[in-house]
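Trainee: I would like to go through this model with you. Could we start with the terms and then turn to the packing?

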Amino acid sequence: QGRIHQIEYAMEAVKQGSATVGLKSKSHAILVALKRASSELAAHQKKIIPIDDHIGVSIAGLTADARLLSNFMRSECLNSRYAYDSPLPVSRLVSAVGNKSQIPTQRYGRRPFGVGLLVAGYDDQGPHIYQTCPSANYYDCKAMAIGARSQSARTYVEKHLDKFLECSLDELIKHGLRALRETLPQEVELTTKNCSLGIVGKDMEFTIYDDDDVQKYLAMIEGEERSRAAPPADQAAMDTQEGEGQQPADPQPADPAVEEQGMEH
Amino acid sequence: MDPMLNEESSYAPKQTYFSPYAMNGGTCLAIAGEDFVVVGSDTRLSQGFSIFTRDLPKTYKLTTSTVLGACGFHGDVLTLTKVLNARLKMFEHEHHKKMTTSEIAAMLSTMLYHRRFFPYYVYNLIAGLDEEGKGVVYSFDPVGSYGSDGYRARGSAAAMLQPLLDNQIGLKNQQNVQRVSLSKEKVVNLVKDVFISAAERDIYTGDAVVVHVITKDGTTTERFPLRRD
């Protein structure tokens with residue numbers, strides 16, 4: 001049917017990676033990411049990578065491929081500063097990534113990059129969020145989430161999309177964290193260990209907040225009820241754990257986890 | 001230049017020569033204190049008897065705790081600065097920390113020596129705080145030889161300034177003087193005076209002097225006018 005399966009398989013790798021969300025306001029673009037640890041002994045894998053003073057990315061998928069792409073992006077940014085004494089516009093960087101990603105989808109003996117990126121940047125045109133795919137497509141987004149169970153985050157973000165433009169930075173971060181929280185299974189919570197935050201804006205160079213630095217923002221959404229009202233179909237025992245489903249602040253009304261069924265891990 | 005003076009007479013063969021370098025003048029100096037560093041440079045860019053601009057400082061901020069002073073051929077100064085800034089960023093990406101003053105100095109030395117057979121015509125000074133917060137100054141020759149000093153002047157008026165600094169800061173050739181640690185204010189005033197003296201006698205130094213004071217709290221910058229002749 002004109003489908004290139006290898007590319008679809010590569011995109012599957014992105015869907016298996018842990019979730020990350022990107023959103024922007026009039027003045028800032030932020031990335032929130034859920035860090036996964038391969039075992040109790042291992043550290044949580046870093047998800048957000050700084051590219052330049054005005055651009056950062058968060059990754060979902062094969063970390064090794066992500067490293068390659070991010071080194072390429074860093075080099076492009078450095079060259080632009082060297083040659084033109086000015087920061088590389090985000091759209092130009094993303095299209096360079098797209099062009100580079102297309103080559104291994106067509107050349108003999110190579111495989112597509114198994115990583116999706118969310119690129120957050122600030123340039124003359126304002127803040128940007130872009131999504132890149134192993135298919136070499138890239139999308140300019142108002143907000144986006146990729147990775148495992150990211151549909152829940154996308155749903156949250158779609159609901160609150162209109163609020164983002166005029167949001168303050170703190171409010172924007174709260175939305176981002178709530179969206180990320182939507183992707184978590186029942187017992188799991190956002191902690192300083194598994195949550196990572198990246199912010200870039202008009203007067204703010206791309207800065208990553210890890211570990212203790214995230215605590216301040218997690219505290220802002222601490223008391224809020226999660227809207228994960230309905231338990232998964234096969235776990236009746238979960239009912240007893242719920243005290244949720246009410247409308248405290250702005251979590252959405254009874255939104256049965258219909259979309260969860262397809263996304264088992 | 002020559003043919004203009006005797007147009008009618010000599011048509012003797014003359015060899016023309018393109019030089020890849022030019023002397024753009026300017027002076028910079030750096031003095032290290034107990035917990036601070038002072039870096040100053042004049043702002044005149046010249047060639048021959050002409051002035052290109054009166055407003056081009058020869059100091060470049062590299063990190064919050066390190067400043068580069070560079071005089072000589074300005075084309076090479078610009079390129080060297082660009083490459084340095086790129087290398088600084090690359091280091092940060094790899095090591096997740098900013099380069100320290102001594103690391104920058106070591107790297108600059110290797111960068112300069114790589115061009116041993118077509119050198120950057122730049123006389124460099126690196127001034128900053130070391131890992132313990134003490135002031136340190138490194139001075140370089142165009143091919144990368146370097147060492148740390150307590151104070152150093154570089155550029156067209158260096159030969160005039162260095163002996164004066166030797167006497168006032170190094171307390172050389174003075175009898176019965178106590179070594180007192182110099183305060184920031186005293187050093188800044190000394191730098192001002194020293195540049196004023198240099199502007200009197202060196203034609204390539206003048207217009208204004210820009211002084212940076214680097215402490216653990218950051219860098220402050222001041223500008224003072226100099227003779228414009």
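Predicted model: local features only at pLDDT ≥ 70, side-chain atom pairs only at ≥ 80, totals over all residues.

Trainee: Leaving aside neighbours within four places in sequence, which residues is A:Val21 in contact with?

Mentor: The partners of A:Val21 are A:Ile30, A:Leu31, A:Val32, A:Leu118, A:Met144, A:Ala145, A:Ala153, A:Val157, A:Ala179 and A:Leu180.

Trainee: And which members of the largest nonpolar core touch the most other members?

Mentor: A:Val21, A:Leu177, A:Leu180 and A:Leu190 do, in a core of 29 residues. At least two residues each come from several elements of chain A, including strand 1 (20-24), strand 2 (28-34), helix 4 (150-164) and helix 5 (169-182).

Trainee: Which helix gives the most to this core?

Mentor: Helix 5 of chain A, with five residues. Another core lies apart from this one and has 24 residues, among them B:Ile31, B:Ala158, B:Val188 and B:Leu190.

Trainee: Changing topic to the interface: how much area do chain A and chain B bury between them?

Mentor: The two chains bury about 760 Å², with 64% of it on carbon and sulfur atoms. On the side of chain A, the residues that lose the most area to chain B are A:Arg74, A:Leu78 and A:Tyr82, together 70% of what that side buries.

Trainee: How many residues are in contact there?

Mentor: Nine residues of chain A are in contact with seven of chain B.

Trainee: What about salt bridges between chain A and chain B?

Mentor: The count is two. In one salt bridge, A:Asp53 pairs with B:Lys89, and their closest N and O atoms are 3.4 Å apart. Three residue pairs are in polar contact across the interface.

Trainee: Which elements give two or more residues to the side of chain A that touches chain B?

Mentor: Strand 3 (48-52) and helix 2 (63-84) of chain A do. Helix 2 supplies the largest share, five residues. By class, that side of chain A has five nonpolar, no polar and four charged residues.

Trainee: One more residue, then. Where is B:Ser46 placed, and why does B:Ser46 count as buried?

Mentor: B:Ser46 is in strand 3 (residues 45-47) of chain B. B:Ser46 counts as buried because its relative accessibility is 2%, and the cut-off for buried is under 20%.

Trainee: What does B:Ser46 touch, not counting residues up to four places away in sequence?

Mentor: B:Ser46 touches B:Met23, B:Asn24, B:Gly25, B:Ile51, B:Phe52 and B:Tyr204.

Note on methods:
Residues numbered from 1 in each chain as written. Chains lettered and ligands numbered in written order. Heavy atoms only, no water. Core = buried A, V, L, I, M, F, W, Y, C linked by side-chain atoms within 4.5 Å. Buried < 20%, exposed > 50% of the residue type's maximum accessible area, 1.4 Å probe, protein only. Helix = DSSP H or I, 4+ residues; strand = E, 2+ residues; numbered from the N terminus. Contact = heavy atoms within 4.5 Å. Buried area = accessible area lost by both parts, 1.4 Å probe. Salt bridge = Lys/Arg side-chain N within 4 Å of Asp/Glu carboxyl O. Polar contact = N/O pair within 3.5 Å; in protein donor to acceptor, adjacent residues only side chain to side chain. Nonpolar A, V, L, I, M, F, W, Y, C, P; charged D, E, K, R; others polar.
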